[in-house]
Amino acid sequence: MYRYDEFDHDFVRDRVAQFTDQVERRLKGDISEDAFKPLRLMNGVYLQLHAYMLRVAVPYGTLSSRQMRKLAHIARTYDRGYGHFTTRQNIQYNWPKLSDIPAILSELAEVEMHAIQTSGNCIRNVTADHFAGAAADEVADPRPYAEILRQWSSVHPEFSFLPRKFKIAITAAERDRAAIQVHDIGLQLKRNEAGETGFAVYVGGGQGRTPMVAKLLNPFLPEEHLLSYVTAIMRVYNLHGRRDNKYKARIKILVHETGIDNLAAQVEAEWEHLRAGELKLPDADIAAITSYFAPPELSDRAEGWAQLAAWKRTDEEFSGWVGRNVAPHRHPDYAMVTISLKPIGGIPGDASADQMDAVAALADEFGFGEIRVTHEQNLVLPHVALADLEPLWRGLKAEGLETANSGLITDIIACPGLDYCALANARSIPVAQEISNRFADARRQEEIGELKIKISGCINACGHHHVGHIGILGVEKKGAELYQITLGGSADENTSIGEIIGRGFEPERLTDAIEVIVDTYLAERTGREEPFIDCYRRVGAAPFKLALYGGSEVEAA
Amino acid sequence: MTRIWTTSGFLDNDPWDLSTDGSGEGARVLSLDEALELAAGSNEPIAVRIEPADDVTRLAPVVDRVVFVAVNFPAFSDGRAFSHASLLRDRLGYTGEIRAIGGVLLDQVPFMLRVGIDSVATSHGPTIERLAENNLPGIKLHYQPAAAESSPVAGYSWRRRSAP
């Protein structure tokens, strides 16, 4: 993975000093809260319902075991002993004191981490496929390009006061695990017919109150133009993105109102001036960054095949976990392991300091010290020998991290909701917990198969409900919580926005409604080979409406 | 009271009238439309004020005659003038003064300097104090080229270092 050089260390140290000075001036009254807000946000500090929240960047979701130990230490020392992994592959701490934040940032800097641009109207942490560098289906590791973008966008003088936040995601596989089509810019690394490396560039995807699927802006941008082309997009957006209404300020609205062809022409015109300039990436620089991401030396461990088969025969629980949370690696003797942060009845994405330390230790013992954070709020060990899966599983089990539900109905994404968030209208976490408890039975979950439930506590959609196979949106109606259900959303290479199925449900009726939807699916599907999303796309909303509301609403709809 | 700070210190005798109606003292700074109209009908030097929604590249044909540009930051959160200044320097090759006006606050100044703004008008007391001490909260290391003078850094093409 990337390692800081002297320049990076000096930069982050200066950034900590800069923010420390800003905090001091705020506490002295030299900066008003209004003016301080964008400054603290640009460094990941939010004011929540009960306390400040600090969001720490995990660039493209890649962590070393040493960094994970530091995150555990921070949770223990400055927070209440846990942290929350987010849908943008970051981690947030919900209870730090403002006066402790400079010290936390200094500790993070020791392990090459920071909170730069994890919030605010600037270019945010660049996210990537959590299986990058290990997946068999990728063209190349996309993370070197994410790292180049991370560096280039850090404290960018022209693009730090954008109309709104700006999120870039990158994948290198046809099978999109990074949800690139619901990002402001989505990049798909590819090779053209001549064997050159470049990107398909998507623009204007996003969720929030106006969900939109990104449009293809450029089918193939040669890699050396990455920074000049993104600069052209950013400049057009900075100058022309709407600033009169924060809910219409994202680039998706500019794309929608301008039209993709017109916007493409503007970007192209701007890029003509930039493409031959100093932002052009030399091959040597791409190669130098790429060399940091060289995979670990994976020696052949063919003995693992027989061992794994034997373990699976003797231990049904282990076998279930392998079937669910273990995916093939590009090296046949290795696997990619998903560590679920979705225990039955738990809080999605939360990990205790002890769990973080345990994951770090297991990563050192079995996974070359490398850890990933997924946008589905789980962790991944990307390089584990088949021969090590059983001892790894025992280690995870000792910490309650062996939940075998990756991709299943209890692998729920949920935003913090009204339990923490100042923006929320309704609770998300208790909703996730109740659904998880209802579907706790492992056999029943397997029978249902792949089903993604995503829950947001307000229209800002941090819980990605628009792209949930089943999406749940908490709203407030007449002072009470009400939950709207959408069906048919998806955030992969076939991205779609879910459709509202009908009137909302009170909290006490919601889980029953989810069960009705699941039972309807089970009755409608052609068989286990037809997952929920395929079935929904085939049969449409009608049977689900009928089951939920009876005949009257079907006719009305 | 509004003070004008430039990279070489505070300016006591500001030659420019930045009022929109010419009611102030000094040479009048025109709106972009007024400036282009003047340029079409005369050979006078041009002092122009760029509002956030303006297209600054319209100055390209007459940029040789532009002697002063004010770029407006009407709100802390409105960053359009950062692009205006970048375009003036990088695209139009303008070398004269670019002044940030509006509600300029200390923490914007390092960003402004990097995109080529070289003077600011501010009435914010704590900002004026820090400018007087020449104690700017900026970072000398940069991950991207920008209009202001900086030197390349060994390693990667996109990195820069400001003069100390």
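How many salt bridges are there between chain B and chain A? The count is seven, where a salt bridge is a side-chain nitrogen of Lys or Arg within 4 Å of a carboxyl oxygen of Asp or Glu. The model is predicted, so local features need pLDDT of at least 70 and side-chain atom pairs count only at pLDDT 80 or more, while totals for chains, interfaces and linings use all residues. Residues are numbered from 1 along each chain as its sequence is written, chains are lettered from A and ligands numbered from 1 in the order in which they are written, and side-chain values use heavy atoms, with hydrogens and water left out.

**View 1. The contact between chain B and chain A.** Chain B contributes 39 residues and chain A 46 residues to the contact, which means heavy atoms within 4.5 Å. About 3700 Å² is buried between the two chains, 61% of it from carbon and sulfur atoms. Buried area is the accessible area (1.4 Å probe) that two parts lose on being put together, summed over both. On the chain B side, Phe111(B), Tyr143(B) and Trp158(B) lose the most area to chain A, together 20% of what that side buries.

**View 2. Polar pairs and elements on the chain B side.** Between chain B and chain A there are 21 residue pairs in polar contact, both residues at pLDDT 80 or more. A polar contact is a pair of N or O atoms within 3.5 Å; within protein, one must be able to donate a hydrogen and the other to accept it, and residues adjacent in sequence count only if both atoms are side-chain atoms. Helices H2 (80–91), H3 (109–114) and H4 (125–132) and strand S10 (141–142) of chain B each supply at least two residues of the side that touches chain A. H2(B) gives the largest share, eight residues. Helices (H or I, at least four residues) and strands (E, at least two) are DSSP runs, numbered from the N terminus. By class, this side of chain B has 17 nonpolar, twelve polar and ten charged residues. Ala, Val, Leu, Ile, Met, Phe, Trp, Tyr, Cys and Pro count as nonpolar, Asp, Glu, Lys and Arg as charged, and the others, Gly among them, as polar.

**View 3. Two salt bridges between the chains.** Arg25(A) and Asp107(B) pair through their side chains at 2.8 Å, N to O. The side chains of Asp5(A) and Arg159(B) also form a salt bridge, at 2.8 Å, N to O. Asp5(A) lies in the segment before helix H1 (6–28) of chain A and Arg159(B) in the loop between strands S11 (151–152) and S12 (160–161) of chain B, so the pair joins two chains.

**View 4. Domain 3 and domain 4 of chain A.** Chain A is divided into domain 1 (6–110), domain 2 (135–291), domain 3 (303–398) and domain 4 (413–556), with bounds from an automatic or database domain assignment. The centres of domains 3 and 4, taken over C-alpha atoms, are 28 Å apart. Twelve residues of domain 3 are in contact with 13 residues of domain 4. These two domains bury about 1100 Å² between them, 46% of it on carbon and sulfur atoms. Four salt bridges cross their interface. Glu316(A) and Arg443(A) meet in a salt bridge of 3.3 Å, N to O.
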